[in-house]
Amino acid sequence: MARAEWRTTDGGCMYAVGSGGTITGYGAGKVRPGFGGCIIVDDPHKADEASSPVMRQNVIDWFQNTLESRCNSPHTPIIVIMQRLHENDLTGWLLKGGNGEKWEHLCLQAMPDEHTALWPEKHSLETLKRMRDASPLVFAGQYQQSPHAREGNFFKPDNIKVVDAIPEGLNWCRAWDLAASTDGDWTAGVKIAKYGQRFLVGDIVRLRGTPDEVRTAVKNTASRDGILCKVRLPQDPGQAGKEQAQSYTRMLAGYSVRSQPVTGGKESRAEPFASQVNVGNVDIVRGEWNNAFIDELRVFPNGTFDDQVDASADAFTEIQGNALALWENCG
């Protein structure tokens with residue numbers, strides 16, 4: 001059984017909570033010569049939340065306003081152990097002097113230079129370079145401990161090949177990102193299939209319209225795609241989001257439909273699809289929609305719109321791995 005608190009017969013104690021957890025009534029360290037105890041912070045950020053300024057700040061506020069005050073002695077050390085997930089994560093904030101203290105910084109990079117792997121028994125130099133090429137931003141932070149601002153180089157769309165023919169017998173999924181207004185974001189439906197070890201973006205529908213116009217577009221697109229093409233819908237938080245998803249599912253009776261709550265930051269959701277784009281494993285069918293799609297990938301996450309990226313990420317997630325086994329036939 002998991003235990004949050006442990007005590008020894010010699011008077012020692014260990015207490016553990018998650019980031020943001022309650023530590024009222026607990027102090028760390030004893031006022032005595034030599035080592036009297038410490039606070040250890042291990043990976044305070046979740047990878048899928050680190051791109052959110054609000055979630056990052058929640059961790060920093062908890063560290064500054066709650067955790068640091070639990071030191072029983074001015075000599076009680078605080079040790080932060082973490083992978084870097086964002087340039088403004090907790091470690092970034094501390095190293096920039098956010099709490100007014102000077103920290104000793106031990107940085108262990110998986111690849112200290114182009115010819116060396118820190119732990120070759122775990123990740124060879126060849127493997128590390130392949131990982132870097134596939135996801136340069138993730139590699140810079142989590143493996144090199146040197147995160148940098150995302151400046152539109154999340155995707156490498158020049159690695160995408162344009163094809164003119166669609167192989168037969170593919171299993172397709174079209175995922176939708178639904179806009180809430182007619183003059184802001186776009187509604188986008190991205191259709192993706194997997195063939196062999198590659199992925200094919202077969203078609204994109206993109207429009208601005210009223211709720212009724214969007215519903216009509218989703219229904220007509222499903223009719224063109226056919227009943228063998230799965231449909232993935234987003235489910236916004238709250239009761240209204242559930243009701244919208246249920247309404248769309250009823251409208252698409254006869255098709256394989258699944259609605260899924262959206263969790264995590266946009267970058268973390270897009271990362272699996274971006275990894276395949278960046279290593280050249282994604283093709284697109286030639287069409288008028290190609291340029292708008294490529295342009296959005298090129299500037300993500302700093303572009304004005306990200307509707308096609310969001311829909312692509314959801315379609316890719318459903319097509320990849322064992323996701324197809326999760327479909328519910330709502331016919």
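This is a predicted model: local features need pLDDT of at least 70, side-chain atom pairs count only at pLDDT 80 or more; totals for chains, interfaces and linings use all residues.
Residues are numbered from 1 along each chain as its sequence is written. Local features need pLDDT of at least 70, side-chain atom pairs count only at pLDDT 80 or more, totals for chains, interfaces and linings use all residues, and side-chain values use heavy atoms, with hydrogens and water left out.

**Exercise 1.** State how many salt bridges the structure holds.

Solution. A salt bridge is a side-chain nitrogen of Lys or Arg within 4 Å of a carboxyl oxygen of Asp or Glu. The structure holds 18 of them.

**Exercise 2.** Describe the salt bridge of Asp203 and Arg174, and where each residue lies.

Solution. Step one: the N to O distance is 2.8 Å. Step two: Asp203 lies in strand S8 (residues 198-207) and Arg174 in strand S6 (residues 172-177), so the pair ties together parts 29 residues apart in sequence. Helices (H or I, at least four residues) and strands (E, at least two) are DSSP runs, numbered from the N terminus. Step three: Asp203 is partly exposed at 25% relative accessible area, while Arg174 is buried at 2%. Buried means under 20%, exposed over 50%, and partly exposed in between (1.4 Å probe, protein chains only).

**Exercise 3.** Find which network of salt bridges includes Arg174.

Solution. Step one: Arg174 also meets Asp225 in a salt bridge, at 2.6 Å from N to O. Step two: Asp225 lies in helix H5 (residues 211-225), so this pair ties together parts 51 residues apart in sequence. Step three: the network links Arg174, Lys191, Asp203 and Asp225.
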